[in-house]
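Here is a short briefing to read alongside the structure. Keep the view open and find each element as it comes up.

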Amino acid sequence: MEGLIMAGQLLLGLTVLVGLHEWGHFIAARIFGIRVNKFYIFFDFLFPMPNVLNFALWKKKKGDTEYGLGWFPMGGYVDIEGMIDETTDASKLSEEPKPYEFRAKPAWQRLIVMLGGVIVNIVLGVLIFWGMTYKAGDNYLSMDEVNKLGIVAHPIAEEIGLKTGDKIVGVAGKKIENFSEAMGSDVILGENVYYTVEREGKSIEIPIPNDLYEKLSDEENEGFIDALQTFSVGEIVPDMPAEESGLKEGDRILNFNGDNVDFYHQFSALAAKNSGKEVELVVKRGDDTVTIKPTLTEDGKLGFQSVPDLNYSHTDLGVGEAFMMGSGRAFSVITDNIKGFKKIFTGQVSAGKALAGPVGIARKFYGGVWDWTRFWMITGMLSMALAFMNLLPIPALDGGHAVLLIYEMISGKAPSPKFMERTQQIGMVILLGLLAYIMFNDTMQALF
């Protein structure tokens with residue numbers, strides 16, 4: 001079931017993103033009087049072979065455009081009259097262009113058409129982040145609250161020199177107010193960054209390695225840092241050991257097989273070590289103390305939501321405030337992608353761990369539980385990432401087309417149709433090779 005939910009969310013998300021991206025090209029073309037022969041969600045052929053298995057699940061002709069739903073569930077496309085792409089034979093465009101063709105229009109109009117999809121993806125991403133930020137407000141855990149007890153340093157954090165109980169007060173010499181800043185992109189994707197930490201009354205600096213993202217990309221890692229927190233039992237998951245053993249909401253777990261439990265990370269570690277075993281828990285319930293003996297699941301779960309004894313800050317936001325904060329969050333996706341690519345090109349992060357295809361996106365981002373809030377936040381993030389990826393100056397991507405159009409605008413001379421045809425074909429080979437590599441890598445990680 002989880003696999004179907006992952007696939008369903010991915011399919012819906014990509015349909016929204018790619019459909020609106022192609023609509024951006026479509027509407028820009030129509031504004032400038034360019035004929036659009038086809039507008040399809042999914043492909044009506046075996047992508048990327050336009051003459052193989054040609055059929056649509058649904059199609060309807062309206063005006064000059066055929067609208068349809070293809071059978072191959074991977075993105076979508078618009079067929080713009082007179083435009084050379086990776087499936088076009090340049091010899092077919094040897095005649096003089098007709099007024100309604102893409103190639104008959106001024107370079108600046110063609111550039112807007114090529115950037116139409118990117119513009120729509122950016123607008124969509126900003127709108128999603130804006131709306132979600134307005135709805136939720138500004139929720140954060142302040143460093144003052146975290147530093148009452150300090151942090152939990154998981155193994156990777158311990159490797160770089162952090163210790164449980166440390167109090168993080170700054171990153172790269174700047175004081176931080178929000179706990180999310182201690183784990184943000186400036187830390188994970190930064191260069192030569194360091195923590196300023198208070199430990200046993202002393203201030204020390206902990207260098208953050210430039211390959212931290214590489215370490216955190218390992219699916220088996222236990223995390224990096226968390227807030228050190230005492231806790232109580234929250235919502236009980238039905239048909240799990242917690243319910244079956246009589247654990248109740250509001251209980252506090254004091255002892256696990258004879259070991260005192262003060263913090264949630266202690267409980268989690270003990271549960272992981274006793275996967276599938278019967279354990280003895282001493283629980284405080286009101287003024288009473290009771291003992292229960294649940295048998296943990298094979299993955300070390302008891303089946304309850306923990307309620308941390310931490311005070312989260314919340315601020316309601318006005319429409320303008322939400323727009324400013326939401327826009328900043330949206331465009332940070334693009335800046336983070338730029339930082340990530342820099343890590344790849346400098347060899348600090350391997351491409352296999354940094355890049356994700358459809359399988360990786362479904363597993364790592366959407367997940368196996370259908371949560372609409374999470375769905376729209378991930379879709380907003382992917383919309384901004386899709387805009388960035390399409391702007392890369394690779395032939396067959398919008399950015400590749402844009403580079404050639406800008407060259408034409410500057411030089412006053414358009415590249416030959418044959419050159420355009422060859423560059424698009426080369427670009428498609430590069431993209432398909434990259435996609436094959438990413439999907440193979442994602443599949444291997446899912447299986448092993």
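**A histidine to start with**

His265 counts as partly exposed, because its relative accessibility is 26%, and partly exposed covers values between the under 20% of buried and the over 50% of exposed. Bear in mind that this is a predicted model.

**Around His265**

- His265 has its place in helix 8, which spans residues 264–273.
- Which residues does His265 contact, leaving aside its neighbours within four places in sequence? They are Val152, Thr164 and Leu228.
- Thr230 is 35 residues away from His265 in sequence. In space, the two are 9.0 Å apart, C-alpha to C-alpha.

- Four strands make an open sheet in the order 2-3-1-4. The pairing in this sheet is mixed.
- Which strands lie at the edges? They are strand 2 (56–62) and strand 4 (72–80), and each pairs on one side only.
- From one strand to the next, the twist averages 10 degrees.
- Strand 1 (residues 36–43) pairs with strand 4 in the antiparallel sense. Six bridges join strand 1 and strand 4.
- Look at Tyr40 for an example: its bridge partner in strand 4 is Tyr77.
- As background, strands of a sheet pair through backbone hydrogen bonds, either parallel or antiparallel.

**A hairpin**

- Strand 15 (residues 281–285) and strand 16 (residues 288–292) pair over five bridges. Their sense is antiparallel.
- Val282 has Thr291 in strand 16 as its bridge partner.
- How many residues sit between strand 15 and strand 16 in the hairpin? There are two.
- Gly286 lies in the turn and has a positive phi of about 65 degrees.

**Two crossing helices**

- Helix 9 (residues 319–345) and helix 12 (residues 372–390) have axes that come within 9 Å. The axes cross at roughly 50 degrees.
- The crossing of helix 9 past helix 12 is right-handed.
- On the helix 9 side, the contact residues are Ala330, Phe331, Val333, Ile334, Asn337, Ile338 and Phe341. Helix 12 meets them with Met381, Met384, Ala385, Phe388 and Met389.
- What classes of residue make up this contact of helix 9 with helix 12? There are 11 nonpolar residues, one polar and no charged ones.

Note on methods
Residues numbered from 1 in each chain as written. Predicted model: local features only at pLDDT ≥ 70, side-chain atom pairs only at ≥ 80, totals over all residues. Heavy atoms only, no water. Axes fitted to C-alpha atoms, helices over the stretch in contact; angles between N-to-C directions. Left-handed = near helix turned anticlockwise from the far one by under 90°. Contact = heavy atoms within 4.5 Å. Nonpolar A, V, L, I, M, F, W, Y, C, P; charged D, E, K, R; others polar. Pairing = 2+ DSSP bridges. Buried < 20%, exposed > 50% of the residue type's maximum accessible area, 1.4 Å probe, protein only.
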